[in-house]
Amino acid sequence: MQPRPQHGFHPVFCTIVPPHVLDKLSQADDPVLSGPARRTLEGDAARRTRRQMTTLVPSVPTVATGTESDKPERILYDCRHGTQLPGFKVRSEGEQPTQDASVNRAYAGLGATFELLLTAYGRCSIDGNGLPLIGSVHYDEQYNNAFFDGEQMVFGDGDGEIFLDFTVAIDVIGHELTHGLTQYTANLSYFGQSGALNESMSDVFGSLVKQYSLGQTADQADWLIGAGLLAPRVQGEALRSMKSPGTAYDDDVLGKDPQPASMEDYIHTTEDNGGVHLNSGIPNRAFYLLATALGGNAWERAGRLWFDVLTGDGLAGDADFSDFARLTVEAAKDRYGEGDELEAVRKAWSEVGVPSA
């Protein structure tokens, strides 16, 4: 596949914790639990609106353009519990670790994402041209989220009751940076099935960043997104499960994980941009099925096919699940011919009820 021309992208505001999770939490009787969730929801809504408004008019990018290199350019800031971005500069590329664990974890996660993209796929940073990777930690007070705003990553510390520091999960960092990768490539619109694909791409490559950094094969990986983020009081393992969507948590405060695992249970809703964080479970499971069927390192054959489609010239911004499935079949033919990979791709999509022909 030929590289997609990079033009006319429209950044979106993407958070790791879905609105439906925070909404459920905001209804808790205990104000210690509901208060931070409500403030996070309100803040996210305001930031999302500002992002939509700023993308309606052309603007000069505020992030410096990088130069293609085999080394990342990372810059870390500390918001000191304020909301002014990026905050106070605390660590630049090549500098020694600080005494702040959040800064050091974010620095490492940005680097791990850069390394996967470069080593596995030959791509220099998320834009393919060495774009600096910027992160801000300690955002706001008891902020229950992390997000990519089209220009940089931002991490909250969590409320300590339901969510912990959002730098603890390396796949969260990979997830959010992949929204940037999608922004610079397929530019999938953030609504309905194309929005769910956008979210799924971030879960896929976020999981691959974790597996790559841990040296795990597809069979060894936990296929959880956000493992380690939930506080001890929460009954759950993570925010999402790619292996078994709908099983990541079942808690008296958060409720039960609502993600569907197949088209049979597809959720039709007007909330969360048409259920982008919900229905992403369907393509997530298709990728898990493909990766485990092929075995070995998931970032190699399975990840290569997803990367080919995401960065190729055939994926429209408004693509649905079937469009993407068809393109993965074509990518498997182009790269591997009539082999095991092609059959595994077809079978994975069939198992989740998505037509690929």
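**A friendly note on the sheet and its helices**

1. Strand β4 (residues 133-137) and strand β6 (residues 153-155) run in the parallel sense where they pair, with 2 bridges between them. Within this pairing, Ser136 stands opposite Val154 of β6. Please keep in mind as you read that this is a predicted model.

2. Now for the sheet as a whole. The two strands above belong to an open sheet of 6 strands, ordered β1-β5-β6-β4-β2-β3, and its pairing is mixed. At the edges you will find β1 (14-15) and β3 (88-92); each has a single partner strand, so one side of each has no neighbour in the sheet.

3. The last item is a helix pair. Two packed helices are described by the angle between their axes and the distance between the axes. For helix α5 (residues 192-214) and helix α8 (residues 301-311), the angle is about 140° and the axes are 11 Å apart. Angles over 145 degrees would count as roughly antiparallel, and α5 and α8 are therefore oblique to each other. Their crossing is left-handed.

4. Which residues of α5 and α8 meet? From α5 come Met201, Val204, Phe205 and Leu208, and from α8 come Gly303, Trp306, Phe307 and Leu310. Sorted by class, this contact of α5 with α8 holds 7 nonpolar residues and 1 polar residue, with no charged ones.

Conventions. Residues are numbered from 1 along each chain as its sequence is written. This is a predicted model: local features need pLDDT of at least 70, side-chain atom pairs count only at pLDDT 80 or more; totals for chains, interfaces and linings use all residues. Side-chain values use heavy atoms; hydrogens and water are left out. Two strands pair if DSSP finds at least two bridges between them. Helices (H or I, at least four residues) and strands (E, at least two) are DSSP runs, numbered from the N terminus. Axes are lines fitted to C-alpha atoms, for helices over the stretch in contact, and angles run from 0 to 180 degrees between N-to-C directions. Angles under 35 degrees count as roughly parallel, over 145 as roughly antiparallel, 65 to 115 as roughly perpendicular and the rest as oblique. A crossing is left-handed if the near helix is turned anticlockwise from the far one by less than a right angle, and right-handed if clockwise. Contact means heavy atoms within 4.5 Å. Ala, Val, Leu, Ile, Met, Phe, Trp, Tyr, Cys and Pro count as nonpolar, Asp, Glu, Lys and Arg as charged, and the others, Gly among them, as polar.
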